[in-house]
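Please keep the structure open beside it while going through the points.

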Amino acid sequence: MMSNRYNQLKVAVLVTDGFEQAELLEPKKALEAAGATVHILSDKSDSVQGFKHVDKGEVVSVDGRLDAANPADYSAVLLPGGVVNGDAMRLLPEARNFVRAANDAEKPIASICHGGWLLISAGIAKGRTVTSWPSLQDDFKNAGGQWVDQEVVRDENFVSSRKPADIAAFNNEFMKLLDEQQRREQRQQPVGSATDASASTASGKPQLSDKGRAPAAPPDHENEAFAVAHGESAQSDG
């Protein structure tokens, strides 16, 4: 059942081929059910290929080119994972610029699994508390961030999770952050527009979940996916 909870919000999903299917489609479904407009932005023009671990999954249509998109048009950013997708996205200057602009404007940025690599390459992970797929923890620490092994982590405008099993908690925390963003945008509307006088409850301090445990090392399918991404293994046709 559709609602109008976020009927004024537009969320940008930054993604390319090789994304982990559930980490895009499940948050997208939840956001759209709450009334948000969700745009898939990519370096690809028509569609992007999803994966279920190392097997091909669904093909998702692209709504716009990332290099032509304006971060000011969006209320929030979603960064799905997938080792192939995450590794490719962090190399795109337009992706790095997009998330920097969103962060400068203190807009919600939600990353899951390998999606967090883009935060590091964009230079916005320093001083932030995050989680991700465990193999990224050294990258976050080297970038000056604090990595924690938890189901979902909220730090100011960042929400992050580790893996597909965390998606329910990830969606829930992201939507709380979107509630705050929507109130903020309503307060910024011109005089005479509909407003909501309720203030954001964000304290500016990290809000950490104490739930969940992550594996100490990536399972075989993640190592295989990394090999596929670097041309070291044959990729399944799925």
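1. Leu178 lies in helix α6, which covers residues 167-187. Helices (H or I, at least four residues) and strands (E, at least two) are DSSP runs, numbered from the N terminus. At 0% relative accessibility, Leu178 counts as buried. Here buried means under 20% relative accessible area, exposed means over 50%, and partly exposed is in between (1.4 Å probe, protein chains only). Leaving aside its neighbours within four places in sequence, Leu178 touches Tyr6, Leu9, Leu31, Ala76 and Pro108; contact means heavy atoms within 4.5 Å. Leu178 and Asn157 are 21 residues apart along the chain, and 9.6 Å separates their C-alpha atoms.

2. A word on the source. This is a predicted model, in which local features need pLDDT of at least 70 and side-chain atom pairs count only at pLDDT 80 or more, while totals for chains, interfaces and linings use all residues. Residues are numbered from 1 along each chain as its sequence is written, and side-chain values use heavy atoms, with hydrogens and water left out.

3. The chain as a whole. The protein chain has seven helices and 13 strands. It consists of 238 residues, of which 50% count as buried. Of the contacts between residues at least 6 apart in sequence, 68% join residues at least 24 apart. The protein chain exposes about 10,800 Å², and carbon and sulfur atoms supply 46% of this area. Accessible areas come from the Shrake-Rupley method with a 1.4 Å probe; for residues, only the protein chains shown count as cover.

4. Strand β1. Four of the five residues of β1 (residues 10-14) are buried, so this strand is largely enclosed by the rest of the structure. β1 runs parallel to strand β3 (residues 37-42), and five bridges join them. Leu14 in this pairing stands opposite Leu41 in β3. β1 also runs parallel to strand β7 (residues 76-79), with three bridges, and Val11 stands opposite Ala76 in β7. Two strands pair if DSSP finds at least two bridges between them.

5. Strand β12. Which way do the residues of β12 point? In β12 (residues 158-161), Phe158 and Ser160 point one way, Val159 and Ser161 point the other way, and all are buried. In a regular strand the side chains alternate between the two faces of the sheet. Strand β8 (residues 109-112) pairs with β12 in the parallel sense over four bridges, with Ala110 opposite Val159. Strand β11 (residues 152-155) pairs with β12 in the antiparallel sense, also over four bridges, and here Val153 has Ser160 as its bridge partner. β11 and β12 form a hairpin with two residues between them, and Glu156 in the turn has a positive phi of about 55°.

6. An open sheet. Three strands make an open sheet in the order β2-β4-β5, with mixed pairing. β2 (19-20) and β5 (55-61) stand at the edges, each with a single partner strand, so one side of each has no neighbour in the sheet. β2 pairs with β4 (residues 47-52) in the parallel sense over two bridges, and Glu20 has Phe51 in β4 as its bridge partner.

7. Two residues with positive phi. His53 has a positive phi of about 65° although it is not a glycine. His53 sits in the loop between β4 and β5 and is partly exposed, with a relative accessible area of 40%. Cys113, also not a glycine, has a positive phi near 60°. Cys113 is in the loop between β8 and α4 (117-121) and is buried, with a relative accessible area of 3%.

8. The cavity. A cavity is a set of points, on a 1 Å grid over the protein atoms alone, where a 1.4 Å probe fits but cannot get out; lining residues have an atom within 4 Å of a point. Grid points are joined across faces, edges and corners, and a volume is the space filled by probe spheres set on the points. The count comes to one cavity of 30 Å³ or more. About 50 Å³ of space lies in the largest cavity. Its lining includes Leu14, Leu79, His114 and Leu118. Helix α2 (residues 83-89) gives the most to this lining, with three residues.

Note on methods: On a 1 Å grid over the protein atoms alone, a cavity is a set of points where a 1.4 Å probe fits but cannot get out, and a pocket is an open set with protein on both sides within 12 Å along at least five of seven lines; lining residues have an atom within 4 Å of a point.
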